[in-house]
Amino acid sequence: MSSQDTFNKPAHRVIELDIEGMTCASCVNRVERKLGKLDGVEASVNLPLESAHVTVPATVTDQQIVDTVNATGYKATVRQAPAPHTREHSEHQHHGNQTPDAEHAAHENHMDHGPSASTLRPRLIAAALLTVPVFAISMIPALQFANWGWVVGVLALPVVSWAAWPFHRAAAINARHFASTMDTLVSIGVIAAYLYSAWQLFADPRMTEHPGMESMSGGGLYFEVAAVVTTFLLLGRYLEANAKAKAGNALKALLNLGAKDATILVEGAEQKIPADQLLVDDVIVVRPGEKIATDGVVTDGESAVDASLVTGESVPVEVGPGSLVTGATINTSGRLLVRATRVGSDTTLAQMGRLVSQAQTGKAPIARLADRISSVFVPIVLVIALATFLLWLFFSGDLNAAFTAAVAVLVIACPCALGLATPVGLLTGTGRGAQLGILIKGPQVLEDTRHVDTILLDKTGTVTSGKLAVDHTVALNGHTPATVLTLAGAVESASEHPIAHAIAAAAKDAMPDAGAFPAVEGFSSAPGGGVRGTVVLDGSAYAVVVGRSGWLEGNGITLDPGQRETLAAEENGGATAIWVAVGGQPAGIVSLSDTIKPGSAAAIKKLKGMGIRPILLTGDNAAVAAQVAAAVGISPDDVFAGVLPEGKVAAVRKLQESGATVAMAGDGVNDAAALAQSDLGIAMGSGTDVAIEASDLTVMGSDLGQLVQAIELSRKTLSTIKTNLFWAFFYNAIGIPVAALGFLNPMIAGAAMAASSVLVVANSLRLRSFGK
């Protein structure tokens, strides 16, 4: 093949399937194995979501994929992405329609394909009502009457047929394809117990002719075993279905956060439309208390926006003209006009939904072990059950004892818990993360967070806010710091520059009566230079010039050698130095520095407590970097200063070559390459799409404490999955030999089997309280 052919070779595409009828890890393994036999196809199947994430080459059609799954005994459908809306297309049909986000949520939360809680409930209720008298009559001699065995057999029949139908149906479908799953074990066990009992009763009709007769004879009827096992397993399935729905609710809630309607300006008039019809460049009117309908930029108005639904941060963010805002956040105060920049599936909310969905559909490396075991597990159990029956019969000659032990092996061995251990943990962990503004890109990330021992933190925007604030004021030529700051603040208050805002804000805070600034006359500003004006203070007029030293000298204000030394000392300390001149003479310096985020020091302390070494990475000079590192508790040896964007990748590589497992946290385009190079890339969500795309973990907020929380949640999710797998394996490893040795009644085995699944799901659901 030529290089040109290689270049022109069509890329693989990814399709999402909904699959009905899967019940355990064996089902998952079979579907993955069958799809994997198609050339170039890779599939990851998720049991709780009943879905598959399939990578398909151009040579394989969607229909071939669907046919392959259907031939395995399950029902597959390709999930269609919502079609892009246009206003003309939708105008007459939007009433009562869902937004694309809600449609997407409905697709994502497809928990109700297999036996859902609502379909299992009537079977469970009927089974429970009939099983109680069956169990009571069979086990309590005082309740028995003449020919009670026939009554018990009739009562148990609907339980083992209609109520147990989900198990029998799945077993039959699998048998048709010469395969077996946990349903095979349940179905064989239940049917065997019932048919054996019926055969005993027909072979000896006088068996229960008198009260207490069957139990006196040592036992030959197992109607109660068949009924009780069915009821317990249905209860387990019902609780599982409920729990799986709860685990998936976080994603559904996330996707339903979006606004359903939006008010747009059309030729100056307001018009209300469904949010799914918004187009890029539409101007949206957002009143106080309303949700911002889509991602955009503020064109008019000032307000505070509550972004806690998306970022997890509780403090509202101040916005004004030029500020970027995210869809689904809430406008808390003033009226805003927002120009839409991203709509539909391109929004931050939709992107979050996709990331969470991909993570939930993926498979952690640890889950592969469960898959490999489950593929051979059921056939081995069937062989063990047969061997148990034959050995008991051979050594004891007791048909009842042999039968009891074999049925107990079949029932106790069902690998339900094994199939649920990983996906339910992952589902709950990623769902809780989404609620906290933490997006875990895939299951592999959970393994990576466990191994990380070093984290590179980009200074600006990660450890610091990236916004300048006044640090202190130096006064010269007989002026006081308060006077210098007040005069500078008065002139700067008329300017739009970020440095001017910082100086004006500091001056305002320092004013004793918090009144208005002194009047300014003759204001003028030079872009990139500074500002000037005449300030009237305490009855006197002062000609004030504020700006960088070069601009002041260009305006005829000269600095003596001592003043130059003062300037150099300020700049060497990492500050941005702004000169203030009064009456043509230097009067002082306002020193500004990047502010450290309030939670940074506490977050660094937590990282150290987790065994992770924090390293500060910055393009700033060494003096600035050392100052920030000291303030947050990072060792002077762990500071990389003066690093250019391309140098960030080299810094990651250097640490990796020294044997460190490196995480990198950043928020800008210039961090993307380093995020991709690191073992674990963490994008701070105030950052760019490029950074988010290149990372493994995304923290939608900008607080370093949230980054720590993201690592904690990932590690907690992984440890939950491992606990689940341990109990699932331990349960089967202990249960099968105990049953084979005849120490386990099939009814107790059924209860224990159901309990193991519920235990695994309940353990996973504890993650829902993480961070509370």
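Predicted model: local features only at pLDDT ≥ 70, side-chain atom pairs only at ≥ 80, totals over all residues.
View 1. As a reminder, strands of a sheet pair through backbone hydrogen bonds, either parallel or antiparallel.

**View 2. Strand 7 beside strand 13.** Here we step into the sheet to look at one pair. Strand 7 covers residues 283-286 and strand 13 covers residues 336-342. The two run antiparallel and are joined by four bridges. To find your place, look for Val283, which stands opposite Arg339 of strand 13.

**View 3. The buried face of helix 3.** Helix 3 spans residues 62-71, and its buried residues are Ile65, Val66, Thr68 and Val69. Seen down the helix axis, these buried residues fall within an arc of 160 degrees, so they line one face of helix 3. An α-helix has 3.6 residues a turn, so residues three or four places apart point the same way. After helix 3 comes Gly73, with a positive phi near 110 degrees.

View 4. Helix 27 (residues 704-740) gives the largest share, four residues. Phe730 lies in helix 27. With a relative accessibility of 38%, Phe730 counts as partly exposed, because that class lies between the 20% and 50% cut-offs.

How values were computed: Residues numbered from 1 in each chain as written. Heavy atoms only, no water. Buried < 20%, exposed > 50% of the residue type's maximum accessible area, 1.4 Å probe, protein only. Arc of directions from axis to C-beta. Pairing = 2+ DSSP bridges.
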